[in-house]
Amino acid sequence: MLKYNHKLLSERVTVRMLKHLFAVQTVILLGFFPGSVHSDEIDLPAEILNLDGDREYGEYLASDCKTCHEADGTGDGIPNIHGRPRIQLITLLYAYREKIKLNEVMQMQAGRLSNEEIVALAAYFEGLN
Ligand code: HEC
């Protein structure tokens, strides 16, 4: 009888541990599943947040971007990024660069950008209509 109880107890503990593990895993999957991130879920490092974007430099860099990102509409699934809040653009570009957000095209585009360039582009696009 004592033996049986002991077994029951250890089974309960095991079940509890599994439940706990499952909960932790679910949080990890939901929280870090790449590609499903929202810009408000990413903590930007201070070295980006402290930069002032140079709009003119941004304009210079933006000619590449504009071959895809046109002002009017969302042709071919390419989102319009004109006039979007700077912090949102910085966060998205940072997330592509760091491969937190999945998209091969944009990971390649953002992959070559420095912090200064990201902030400059964000400042420039924010000012567009
Ligand atoms: C070859 C085409 C192409 C070029 C060039 C390009 N993009 Fe993109 N961009 C895309 C596509 C496609 C998406 C949508 C990706 C996705 O679904 O995550 C996107 C998404 C974005 C987003 C996220 C928008 C959102 O609401 O999720 C930002 C910001 C962005 N691009 C900025 C830029 C900047 C800045 C440049 C220039 C350095 C650039 N892109 C160059 C095709 C391009």
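Visitor: What share of the 129 residues in the protein chain is made up of buried residues?
Guide: Buried residues, those with 20 or more other C-beta atoms (placed from the backbone) within 10 Å of their own, make up 18% of the 129 in the protein chain. This is a predicted model, in which local features need pLDDT of at least 70 and side-chain atom pairs pLDDT 80 or more, while totals for chains, interfaces and linings use all residues. Numbering runs from 1 along each chain as its sequence is written.

Visitor: How many helices and strands does the protein chain have?
Guide: There are six helices and zero strands, counting DSSP runs of H or I with at least four residues as helices and of E with at least two as strands, numbered from the N terminus. The pattern along the sequence is therefore written α-α-α-α-α-α.

Visitor: Why is α6 called largely enclosed by the rest of the structure?
Guide: Because nine of its 12 residues are buried. Those of α6 that are buried are I118, V119, A120, L121, A122, A123, Y124, F125 and E126. Their cover includes α2 (46-49), α3 (55-68) and α4 (86-97).

Visitor: What makes up the shell around the ligand?
Guide: The shell holds 11 nonpolar residues, five polar and one charged. In total 17 residues surround the ligand, and C65, C68, L92, N103 and Q109 are the closest. At least two shell residues come from each of α3, α4 and α5 (104-111), and α3 gives the largest share, four residues.

Definitions and conventions:
Contact = placed C-beta atoms within 7 Å. Near = placed C-beta within 6 Å. Nonpolar A, V, L, I, M, F, W, Y, C, P; charged D, E, K, R; others polar.
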